[in-house]
Amino acid sequence: MTQPAKILIVDDNEIMRLAATRVLGPAGFDLLEAATGAEALRLAREHLPNLMLLDVHLPDLDGLEVCRQIKSDPLLARIFIVQLSSVRTASDQQAEGLDSGADGYIARPIGNAELLARVQSMLRIQRTEFALRESEKKYRQLATELQQALDEVSTLRGLIPICSACKKIRDDQGYWNQIEQYIQRHTGAKFTHGICPDCIKKYFPGI
């Protein structure tokens, strides 16, 4: 069963936090609350929420600094942050919030339906980005494995130093290997052993 998305609401105004919980709680989200920047950072580290609704104006650390600290921490950077302001914020101030690493910005007042829609939209974006990152990681791994396989094949297609007397092959480290050991190491092929007719006549003439 899919776990509900976890949302951290950060606002020093208790009424604002209550209003947000009344909108998001019935939608099935797992909600956390913080009244200060320090508390927000602590809860973020303890619970790793999917999304943080972060008020810009806090009594200790402001929202911009909280956002910077979260986005600079590799363990927390995946948290999506939507910064909130209780006033109509100028576009350059909104840009400052986005420059601090925020993934979105909401200017209050905002209707309940719009708040819920914004949160749901951000969570969809987060899931999509996570899926893309996982796909990219998978394809990078496959590309690495393919390159290793090609390197092994190219080793056998180039010049191979072989002893004209005992037929051992010298590897890249300068060690001499039996030919079957060398081929098996570079291709994964396995050998079975037998005796050809010419060798039977030479070494076992009585058979």
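In which sense do strand 3 and strand 4 pair, and over how many bridges? In this predicted model, the two strands run parallel to each other and are paired over five bridges, with Leu-53 having Val-82 of strand 4 as its bridge partner.

Strand 4 (residues 80-85) is largely enclosed by the rest of the structure, because six of its six residues are buried. In a regular strand, side chains alternate between the two faces of the sheet. In strand 4, Phe-80, Val-82 and Leu-84 point one way, whereas Ile-81, Gln-83 and Ser-85 point the other way, and all of these residues are buried.

Most residues other than glycine have a negative phi, and most peptide bonds are trans. Leu-48, although not a glycine, has a positive phi of about 45 degrees; this residue is found in the loop between helix 2 (37-47) and strand 3 (51-55) and is partly exposed, at 47% relative accessibility. Arg-108 and Pro-109 are joined by a cis peptide bond with an omega of about 5 degrees, and Pro-109 is placed in the loop between strand 5 (104-107) and helix 5 (112-157).

Ile-195 lies in the loop between helix 6 (179-187) and helix 7 (197-203), and is partly exposed, with a relative accessible area of 49%.

Key. Residues are numbered from 1 along each chain as its sequence is written. This is a predicted model: local features need pLDDT of at least 70, side-chain atom pairs count only at pLDDT 80 or more; totals for chains, interfaces and linings use all residues. Side-chain values use heavy atoms; hydrogens and water are left out. Helices (H or I, at least four residues) and strands (E, at least two) are DSSP runs, numbered from the N terminus. Buried means under 20% relative accessible area, exposed over 50%, partly exposed in between (1.4 Å probe, protein chains only). Two strands pair if DSSP finds at least two bridges between them.
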